[in-house]
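I opened the notebook to go through one structure, entry by entry. The entries follow the order in which I looked things up.

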Amino acid sequence: MQLLDSSERYGAVSRLLHWAVAVLILWQFLGMGLKLIFGRNDFVGFFVGTHQPVGFIIFVLVVIRALWALASRKRRPDHGTGLVAKAAAAGHGLLYALMIAIPTLALLRAWGGTRGFAPFGIEIFAPREVEIAWATSLAGLLHGELGWVLAVLIAGHIAMVGVHESLWRDGTLRKMAGRR
Ligand code: HEM
C-alpha cells in the first residue's frame, strides 16, 4: 500500500482523510436537510443531536487534512494547465476554505455562547455568564448559509468527477479511489 502521495495518485493517508471527511460532511447535510424538510421531530432530533460532535470531528480532520495537503503539495497529482485546470485548482481551494470556515464559525459561536461546548463529554469551552455577541452573531449570520454553499460546491465537485469519467475518460477518480 502506498502511504504517501505521488504525481500519479493519492496515497493512503490522503485517501483516508478525503473519504472520512466526505462521509461525515454528507452526514451533516443529511441531518440538516431532514430538519429543513420535516422540521424537528424525534427521528430528525437524532440527526440534529449528532451535528455538533460530528462537526467537531470534521474540524479536527480538516485541519489535519489541510496541513497534510500543504506538506504533500510537491508530490501530489497536479491539475495540469489551461482554464479547466485553473478552475479545478480554484474550486478545490474554495472547498478547503469552506471546510475550515464553516466549523470554525460554529466553534466561535460555541466559545462565545453561554452553554459551553463538550462534545463526547470532553469540555472544550466552559459555559460563560455573559455571551460574546460578535462571536455568536457572526456564526448566526454565516454558518448555515456557507454550509449550503458548500453543499452546492460539493455537488459540482461530484458532477465534475462524472464529466472526467464519462466524457474525458482521463482516470481522475482512479487517483483518489482506484488501485493503480
Ligand atoms: C463542516 C462541518 C459542518 C457543516 C457542513 C455544517 C452545516 C450546517 C448546515 C447546512 C446547517 C443548517 C442551517 C439551516 O438551518 O439552514 C447547520 C446548522 C447548525 N450547525 Fe452546523 N455544520 C458543520 C459544523 C458544525 C459545528 C462544528 C457545530 C458546533 C460546534 C455546528 C453547529 C450548528 C448549529 C447549532 C446549527 C443549528 C442547528 C439547529 O437548528 O439546531 N455545526 N450546520
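The model is a predicted one.

**Entry: overall layout**

I read the elements from the N terminus on as α-α-α-α-α. I took the box along the principal axes, and the C-alpha atoms fill roughly 55 × 35 × 30 Å. I then looked up burial: of the 180 residues in the chain, 33% are buried.

**Entry: the iron site**

Which residues coordinate the iron atom of the ligand? I find H51 and H143, each through NE2, at 2.0 Å. I placed H51 in helix 2 (residues 42-71) and H143 in helix 4 (residues 133-168); the two are 92 residues apart, and the pair links distant parts of the chain. Next I checked the geometry. The iron atom has six donor atoms around it, and they subtend angles of 88 to 179°. I call the arrangement octahedral because opposite donors must be over 155 degrees apart and all others between 65 and 115, and the angles here make it so. I also looked up the accessibility of H143: its relative accessible area is 15%, so H143 is buried, the limit being under 20%.

**Entry: nonpolar patch**

I searched the surface for nonpolar patches and noted one formed by W111, W134, L138, L141 and L142. Together these residues have about 500 Å² of accessible area. Which element gives the most to the patch? Helix 4 does, with four residues. I looked at L142, which is in helix 4. L142 has 34% relative accessibility and therefore counts as partly exposed.

**Entry: salt bridge**

How many salt bridges does the count come to? I get one. R76 pairs with D5, and their closest N and O atoms are 2.8 Å apart. R76 lies in the loop between helix 2 and helix 3 (83-112), while D5 lies in the segment before helix 1 (12-38), so the pair ties together parts that are 71 residues apart in sequence.

With a relative accessible area of 61%, D78 is exposed.

**Entry: aromatic rings**

I searched the whole structure for aromatic pairs and found eight. One of them is F46 with F47, which is edge-to-face, at 5.4 Å centre to centre and 75° between the planes. F47 counts as buried, at 10% relative accessibility. Another is F56 with F117, also edge-to-face, with 5.9 Å between centres and 70° between planes. F56 lies in helix 2 and F117 in the loop between helix 3 and helix 4, so this pair ties together parts that are 61 residues apart in sequence. I noted both F56 and F117 as buried. Last, I looked for clusters: W27, F43, F46 and F47 form one aromatic cluster.

Methods:
Residues numbered from 1 in each chain as written. Predicted model: local features only at pLDDT ≥ 70, side-chain atom pairs only at ≥ 80, totals over all residues. Heavy atoms only, no water. Donors = N, O, S within 2.8 Å, 3.2 Å for Na, K, Ca; no water. Tetrahedral: all angles 85-135°; square planar, octahedral: opposite > 155°, others 65-115°. Buried < 20%, exposed > 50% of the residue type's maximum accessible area, 1.4 Å probe, protein only. Patch = residues over 30% accessible without salt bridge, like charges linked within 9 Å, V, L, I, M, F, W, Y side chains within 5 Å. Areas by Shrake-Rupley, 256 points an atom, 1.4 Å probe, with all protein chains shown as cover. Salt bridge = Lys/Arg side-chain N within 4 Å of Asp/Glu carboxyl O. Phe/Tyr/Trp six-rings, centres within 6.5 Å; stacked < 30°, edge-to-face > 60°.
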